[in-house]
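Please look over the sequence and the structure below before reading on.

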Amino acid sequence: MSRENFDKLGEECGVFGIYDFDGNDVASTIYYGLFALQHRGQESCGIATADTNGPKRNICTHKGMGLCNEVFTPEILDGLKGDIGVGHVRYSTAGESTRENAQPLVLNYVKGILGVAHNGNLINALELREELEQTGAIFQTTIDSEVIAYHIARERIKVDSVEKAVANAMDKIKGAYSLIVMSPRKLIGARDPYGFKPLCIGKRDNAYILASESCALDTIGAEFVRDVRPGEIVVITKDGIKSNCEKCLPKEQEARCIFEYIYFARPDSRIDGVDVYDSRIQAGRFLAQDSPVEADMVVGVPESGNTAALGYSRESGIPYGKAFVKNAYVGRTFIKPGQSSRESSVQIKLNVIKEAVEGKRIIMIDDSIVRGTTSDRIVSMLRDAGATEVHVRISSPPFLWPCYFGTDIPAREQLIAYNRTIEDIRKIIGADSLGYLKEERLSEMAKGLPICKGCFTGKYPMEPPTRDIRGNYEK
Ligand code: SF4
């Protein structure tokens, strides 16, 4: 979905890596893994592969703008040889949307090659980048992932293994990162100590896999082994998996992004022991308990509102129904950026099933309202189709603050909830009633896992930067 299309937030990226100990080519498996992670980023994608038995400097890379099935053909995948590789799908929150900024990043340096795929945002990337530039570093991209790659390469010269270099780099970088690093003979996964972004380990035959979400493991027929712990570094070699937890924090200081459970992750994924589907059902149940209303049918705004709508229905006993048909085949390119295009694009993507809603009081569940540019259109589409009442329930609290960790929340002034009451927002979107998920419900939704909820509360797990860090390199 284009970022200009619906009033939704953007995730930064999805990452996937694999090392096949039997020596099979891995590019097509990475492709299918990325395909399963496409919801995490649609602007660009890429794959880098290498042969762990070949020369240390040989690496095959292909990257491009667009979706996986636009960037890769069977011929291109055939040309990507090697039994180890990393892949990436990207949605830009820091750094321009250009081909140069597509990942994985590949660095050729004195110790061989490094392929790096990163999900998240660093809060000190700008300072680190300036420091590196002072010492002669020349950057090819405007993304903070390159800062990470540079640090790992520099540290690698000082220490005797790439995993030690990753550990040293982790002492310098601050913020959100789930990383996959491919060295000539090793695949390494690392997750920042707060665990903002997910990363899990899978296994298929004699191959180990690292992926942003478990749905990518299912897609390629791999079994889920476990999540990488926040702060953990895992090293995959032919000797198996080694773990280093020196950077792990006490559990209560961890801070997973709650928005993975609310919206970003696929509902068939399981993150840190919590099923995304279950947490969305639970959010719907909480909404039914906290914001009940009499109605004839509960509907979800597809796709992300559907699961919470089912939870609301189960809790309230009000039948669940389908009110919308979503056109999944809308091309991304012809929807022009800008307010008016955003509005018209709602109807291109969504249509109401008149027969389903006519004469009914509808409870409409959506996962979030960001700017509020589409909610009023969707409410009036239901009314135009004959709904007698439209009650809107949102399965997250109101957005009030920016995110510094990789989610594309716009400036505060653009957030519909900023400086407005719920009643103000209800009037703007034209609903009969409006209810949000209570902030205190978020922890229950994540089954008690320590979470970040900074965009709702303004309280972040680490000191936020004093300036807006997004897109700074271009300024
Ligand atoms: S501020 Fe919000 S979007 Fe950003 S990491 Fe925290 S919970 Fe996720």
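D272 has its place in the loop between β15 (270–271) and β16 (274–275). The model is a predicted one, and in it the phi angle of D272 is near 50°, which is a positive value in a residue other than glycine. Is D272 buried or exposed? A residue is called buried if 20 or more other C-beta atoms lie within 10 Å of its own, and because D272 has 21 C-beta neighbours inside 10 Å, D272 counts as buried.

## Two cis peptide bonds

Where does a cis peptide bond with an omega of about 5° lie? It joins Q103 and P104, and P104 is found in the loop between β4 and β5 (105–109).

A cis peptide bond also joins P302 and E303, with an omega of about -15°. Here E303 is found in the loop between β17 (297–300) and α10 (306–316).

## The protein as a whole

The secondary structure of the protein comes to 16 helices and 23 strands. The radius of gyration is 22 Å, close to the 23 Å that the globule rule gives for 475 residues, so the protein is as compact as a globular protein of that length. Taken along the principal axes, the box that the C-alpha atoms fill is roughly 70 × 45 × 40 Å.

Of the 475 residues of the protein, 53% count as buried. Among the contacts between residues at least 6 apart in sequence, 72% join residues that are at least 24 apart.

Strands of a sheet pair through backbone hydrogen bonds, and the pairing can be either parallel or antiparallel. In this protein, 7 strands form an open sheet in the order β3-β2-β4-β1-β10-β9-β11, and the pairing is antiparallel. The edge strands are β3 (60–65) and β11 (223–227), each of which pairs on one side only. On average, neighbouring strands of this sheet are turned by 15° against each other, with direction ignored.

## Strand β4 and its partners

Strand β4 (residues 84–90) pairs with strand β2 (residues 44–50) in the antiparallel sense, over 7 bridges, and S44 stands opposite R90 in β4. Strand β1 (residues 13–20) is also joined to β4 by 7 bridges, and these two strands run antiparallel; the bridge partner of G14 in β4 is V89.

How many of the 7 residues of β4 are buried? The strand is mostly covered, with 7 of its 7 residues buried. In a regular strand the side chains alternate between the two faces of the sheet.

## Around the ligand

Which residues are found around the ligand? They are F196, C257, I258, F259, C403, F405, T407, C452, K453, G454 and C455. Sorted by class, this shell has 8 nonpolar, 2 polar and 1 charged residues.

Terms used:
Residues are numbered from 1 along each chain as its sequence is written. This is a predicted model: local features need pLDDT of at least 70, side-chain atom pairs count only at pLDDT 80 or more; totals for chains, interfaces and linings use all residues. A residue is near a molecule or strand if its C-beta atom, placed from the backbone, lies within 6 Å of it. Ala, Val, Leu, Ile, Met, Phe, Trp, Tyr, Cys and Pro count as nonpolar, Asp, Glu, Lys and Arg as charged, and the others, Gly among them, as polar. Helices (H or I, at least four residues) and strands (E, at least two) are DSSP runs, numbered from the N terminus. The radius of gyration is taken over C-alpha atoms; the globule rule is 2.2 Å times the number of residues to the power 0.38. A residue is buried if 20 or more other C-beta atoms lie within 10 Å of its own, exposed if 12 or fewer, and partly exposed in between; C-beta atoms are placed from the backbone. Two residues are in contact if their C-beta atoms, placed from the backbone, lie within 7 Å. Two strands pair if DSSP finds at least two bridges between them. Axes are lines fitted to C-alpha atoms, for helices over the stretch in contact, and angles run from 0 to 180 degrees between N-to-C directions.
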